[in-house]
Amino acid sequence: QYSPDSVAGADGEIDPTEITLAGCSCRSSSCVAPECPCLRRGDNYSGPCLRGAEQGGFARPVFECNALCGCGESCQNRLVQRGLRLHLQVFRTPGKGWGVRALQPVPRGSFVCEYAGEVLGPAEARRRSRAQGPQDSNYIMALREHLHDGRVLETFVDPTRVGNVGRFLNHSCEPNLFMVPVRVDSVVPRLALFAARDIPAGEELCYDYSGRFHNPSGSSGEHKPLEEDNRLRKPCYCGAPTCASFLPWDSSLFSTP
């Protein structure tokens with residue numbers, strides 16, 4: 001089932017559509033920093049592009065103005081919530097099954113698409129992961145946000161049954177996209193993908209499933225697999241010079257908590 005936005009999972013534990021964030025009281029059509037309380041969390045966008053997309057380091061979270069804000073729909077702090085704007089095409093790749101490409105050039109920092117699906121609680125995410133067979137495709141995305149006080153926020157999105165075009169994006173060890181958690185109406189983040197560089201029309205769009213790209217080494221939470229776990233891993237066909245040979249592996253969803 002196609003859905004442009006994430007929905008509550010079958011376990012009913014989390015509803016990403018519930019409005020839980022307060023809005024700003026700005027009366028102008030477009031908010032400005034530092035007066036806007038939303039922008040005090042970060043001045044996110046420069047026109048239609050994410051600020052700092054060319055920088056390394058941590059991929060910081062983004063807060064957009066929301067349904068409770070006093071600003072208008074033309075506010076520049078509203079981008080991901082407007083949805084897909086690029087002409088994307090799902091196509092058959094030579095060796096990786098389905099893939100996604102843009103039919104137009106994509107400037108660096110541009111919002112490409114969201115990775116949307118069912119938002120699950122950790123118990124249901126683990127149950128679905130452990131129920132998968134060796135030949136099954138694993139679409140479950142485990143996003144971990146490391147806070148300054150040591151806490152880790154986890155968000156699990158599964159587009160296996162309900163999802164959007166993001167489910168067809170392939171992994172690359174040298175990707176041209178990176179993922180940023182974007183919050184709009186809810187504390188549950190949207191998993192937004194942005195262009196890491198200028199991308200010509202027709203080039204396959206890929207991101208690093210492990211989260212290492214735009215984050216320091218070791219911050220992704222990816223578990224280094226034991227040698228015997230390699231039999232469970234799927235080979236990587238990205239073709240990058242620095243290809244790791246296997247798709248990223250995080251055993252936490254497949255083990256008993």
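1. Two strands pair if DSSP finds at least two bridges between them. Strand β4 and strand β12 (residues 177-183) are joined by two bridges and run parallel. One link is valine 62, whose bridge partner in β12 is valine 182. Keep in mind that this is a predicted model.

2. Now the whole sheet. It is open and has four strands, in the order β4-β12-β13-β7, with mixed pairing. β4 (62-63) and β7 are the edge strands; each has a single partner, so one side of each lacks a neighbour in the sheet.

3. Next, the β12 and β13 pair. A hairpin of six residues connects β12 to β13. These two strands pair antiparallel over six bridges. Phenylalanine 178 has phenylalanine 194 in β13 as its bridge partner.

4. Look at β13 (residues 190-195) itself. Six of its six residues are buried, so the strand is largely enclosed by the rest of the structure. Both faces are covered. Arg190, Ala192 and Phe194 lie on one side, with Leu191, Leu193 and Ala195 on the other.

5. On to β7 and β13. Three bridges join them, and they run antiparallel. Cysteine 113 stands opposite leucine 193 in β13.

6. Glutamate 114 deserves a check. This residue is in strand β7 (residues 111-114). Glutamate 114 is buried yet has no salt bridge. Glutamate 114 does have contacts beyond four places in sequence, among them Pro4, Asn164, Arg190 and Leu191.

How values were computed. Residues are numbered from 1 along each chain as its sequence is written. This is a predicted model: local features need pLDDT of at least 70, side-chain atom pairs count only at pLDDT 80 or more; totals for chains, interfaces and linings use all residues. Side-chain values use heavy atoms; hydrogens and water are left out. Buried means under 20% relative accessible area, exposed over 50%, partly exposed in between (1.4 Å probe, protein chains only). Lys and Arg count as positive and Asp and Glu as negative; His and the chain ends are not counted. A salt bridge is a side-chain nitrogen of Lys or Arg within 4 Å of a carboxyl oxygen of Asp or Glu. Contact means heavy atoms within 4.5 Å.
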